[in-house]
Amino acid sequence: MEVLWILCQTMLVDCWLPGSRHRCWLLRLFGARIGQRVIMKPRVRIKFPWKLEIGDHAWIGEEVWIDNLAEVSIGPHSVISQDAYICTGSHDWTTEAFDLITKPVAIADQCWVAAFARLSPGVQMQQGSVLALGSVASGVLEAWTIYRGNPAAPLRHRPTDPCGHSSWFPPVPMHRP
């Protein structure tokens, strides 16, 4: 299964071809849980699609690398910008064999991982949190807070409207007239 995925990914996902439909279709074929209207730009790398969940209306930018040895979930209306790296594995340097350690990464709805940002194993981005350009996150990123730096530290709160929606993401109408 892994060898077949590597071949398919190389030819159809991690390639220059424009469009998202074929990428989402192929990822679903290999077990990824992909929502509706997901945008997936060219040159995306995903280790194991069967350990990936992406919510509706999410956006995955060019050259994003999702190194998911453990589960990665990306919530609806979230953005992972170009060249971001999501890591779920590390090694235990206290053991002679450098045993593999994996921890899932959870990105809630309406989050933004900016370009060149890095997420360490076990990161939990709560609803509406933002990781700024080139920042490196570990642990929990609190809801509606912008983080910056290495290591990422809170910069300020992100504005929301009185209904709790981010002012950057207008509410989606339930039905059209």
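In this predicted model, the buried residues of helix α1 pack against helix α2 and strand β3. The buried positions of α1 are Trp5, Cys8, Gln9 and Val13, and because they cover an arc of only 105° around the axis, they are placed on the same side of the helix. On the other side of α1, Val3, Thr10 and Met11 are exposed. Met11, which belongs to this helix of residues 2-13, counts as exposed because its relative accessibility is 56%, a value to be set against the cut-off of over 50% for exposed residues. Together with Val3, Leu7 and Leu12, Met11 also makes a nonpolar surface patch of about 400 Å².

Helix α2, which spans residues 21-29, holds the buried residues Arg23, Cys24, Leu26 and Leu27. These residues lie on the same side of α2, since the arc they cover around the axis is only 165°. The cover over the buried residues of α2 includes α1 as well as the strands β1 (33-34), β2 (39-40) and β3 (45-46). The face of α2 that is turned away from this buried side carries Arg21, Trp25 and Leu29, which are exposed. Just after α2, Gly31 adopts a positive phi of about 100°.

Three salt bridges are present in the structure, and Arg33, Glu53 and Glu71 are linked in a network of such bridges. The side chains of Arg33 and Glu53 meet with an N to O distance of 3.9 Å; as Arg33 lies in strand β1 and Glu53 in strand β4, this pair ties together parts that are 20 residues apart in sequence. Arg33 also forms a salt bridge with Glu71, in which the closest N and O atoms are 3.1 Å apart. Because Glu71 is located in the loop between β6 (65-67) and β7 (72-74), whereas Arg33 is in β1, the second pair ties together parts that are 38 residues apart in sequence.

Asp67 counts as buried at 10% relative accessibility, while Lys47, at 34%, counts as partly exposed.

Thr88 is buried, its relative accessible area being 0%, and, when neighbours within four places in sequence are left aside, its contacts include Asn68, Glu71, Ile101, Val105 and Pro121.

In another loop, the one between β4 (52-54) and β5 (59-60), His57 is found. This residue is partly exposed, with a relative accessible area of 32%. His57 and Gly35 are 22 residues apart in sequence, yet their C-alpha atoms are 7.2 Å apart in space. Leaving aside neighbours within four places in sequence, His57 is in contact with Gln36, Arg37, Val38, His77 and Ser78.

Conventions:
Residues numbered from 1 in each chain as written. Predicted model: local features only at pLDDT ≥ 70, side-chain atom pairs only at ≥ 80, totals over all residues. Heavy atoms only, no water. Patch = residues over 30% accessible without salt bridge, like charges linked within 9 Å, V, L, I, M, F, W, Y side chains within 5 Å. Areas by Shrake-Rupley, 256 points an atom, 1.4 Å probe, with all protein chains shown as cover. Salt bridge = Lys/Arg side-chain N within 4 Å of Asp/Glu carboxyl O. Helix = DSSP H or I, 4+ residues; strand = E, 2+ residues; numbered from the N terminus. Buried < 20%, exposed > 50% of the residue type's maximum accessible area, 1.4 Å probe, protein only. Arc of directions from axis to C-beta. Contact = heavy atoms within 4.5 Å.
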